[in-house]
Structure formats: structure tokens, C-alpha cells
Amino acid sequence: MSRDGDVVQILSDGAPFAVVHAGAEPRPYVWPLFAPGGVEVTRSHPMAKREGEQSDHPHHQSLWLAHGSVNGFDFWHGREHHERIELQSALASFEGESGVLVHCEYKWLVDDARPVMSEIRQLRFDDLGDVRVIDVLVEFRAEVDDVVFGDTKEGMFAMRLHPALRVSGAVATGTLRNSE
């Protein structure tokens with residue numbers, strides 16, 4: 001593990017695993033994210049250009065957490081009220097025998113820094129040999145009023161995959177399998 005300000009690079013036996021952009025705005029994200037063997041599993045846009053990759057949905061930043069309706073504010077797109085998730089406390093990261101833990105505290109803010117809620121987020125990165133695991137623990141707390149998560153078409157915790165992992169399309173090489 002190495003740190004440069006609010007950016008934590010997670011390594012596994014010296015090879016890249018993930019980079020946590022804890023202070024990124026309008027919301028934090030993890031990019032790039034690698035499977036064992038150095039295989040990149042998330043798309044690069046909008047952080048970087050990659051041949052054959054679409055440049056749509058710039059708010060889809062690799063691996064991220066956001067929501068489209070928190071007390072009526074859209075933290076997924078974050079346009080109308082300058083919705084953003086800001087790092088509040090000093091970023092803490094710990095490397096142990098079983099992996100790396102990144103602990104962050106955030107405020108979900110709108111307009112001129114009006115708080116909607118606070119968040120404590122822990123990301124734990126473990127390498128189990130041929131499997132890599134990311135455990136995410138999130139705690140939300142109301143700041144002023146109750147917090148209401150509205151019904152939206154988006155999820156809350158999201159991952160935009162590398163285009164080659166698709167099952168159809170020009171650069172798709174992915175397959176789907178079930179237990180049967």
C-alpha cells in the first residue's frame with residue numbers, strides 16, 4: 001500500500017490491486033481495479049481514454065457509491081444543486097496480515113455546503129490467491145432532518161465493468177454462466 005494525499009494505492013505482492021480516490025469530487029471512487037494476473041475489470045472513462053471504450057455516462061466512475069434521491073437531491077448525477085460527497089476527516093488506511101483497510105468519513109452536501117447526511121465508509125481489500133475480495137461497510141447518519149432514500153432507476157453501490165467483460169457488442173468477450 002502507498003498513499004499520496006487522499007489517494008491510496010492497494011498492492012498485492014507488489015502488483016496493482018486498486019486505487020482509492022477518497023477525496024475525488026463530486027464523489028469518491030475506486031479506479032483502476034485489477035483481478036489477479038493484472039486484468040483490469042472496470043472501465044477507464046472518464047478518468048482515462050481506452051481504445052474501443054464508450055465515453056457515455058461520465059458519472060459512472062469505475063466502482064462508486066451514490067444515490068439519485070436523498071431527500072430529493074440527486075447525488076448520482078449531481079447537477080442541479082451541486083450535490084457532492086466530500087471527504088471530511090483525515091483519510092486513514094491500515095495494512096495488516098489479511099489485507100488493507102481504508103477508512104473515510106464524508107459529508108453529503110448540496111448547494112453552498114448544506115449537509116444532507118454524513119457517512120462513514122470502510123473499504124477492506126483482501127487477496128486470497130486466485131480471488132480478490134472487497135468488503136464495503138457504510139454507515140449513514142442524518143445531519144439535520146430525517147434521511148429518505150427515494151425510488152430511482154439507479155442503484156446505490158455500482159461498478160462499471162471493462163467493455164471486454166460484456167456479453168454482446170463490438171469488444172465483448174464475456175460469458176454468463178449459472179450453477180447448472
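A contact, as I use the word today, means heavy atoms within 4.5 Å. In the protein chain, residues 24 or more positions apart account for 49% of the contacts with a separation of 6 or more.

Some ground rules. This is a predicted model, where local features need pLDDT of at least 70 and side-chain atom pairs count only at pLDDT 80 or more, while totals for chains, interfaces and linings use all residues. Residues are numbered from 1 along each chain as its sequence is written, and side-chain values use heavy atoms, with hydrogens and water left out.

Now the overall fold. The chain has 12 strands and zero helices; these are DSSP runs numbered from the N terminus, with strands being E of at least two residues and helices H or I of at least four. Its C-alpha trace spans about 45 × 40 × 35 Å along the principal axes.

Next, burial. Of the 180 residues, 39% are buried, where buried means under 20% relative accessible area, exposed over 50% and partly exposed in between, with a 1.4 Å probe and protein chains only.

Where does S44 sit? Its place is in the loop between strand 5 (39-40) and strand 6 (63-65). Is S44 buried or exposed? S44 is buried, at a relative accessible area of 4%. Leaving out residues up to four places away in sequence, S44 touches W31, R50 and E53. With R50 there is also a polar contact, side chain to side chain, at 2.8 Å. A polar contact is a pair of N or O atoms within 3.5 Å; within protein, one must be able to donate a hydrogen and the other to accept it, and residues adjacent in sequence count only if both atoms are side-chain atoms.
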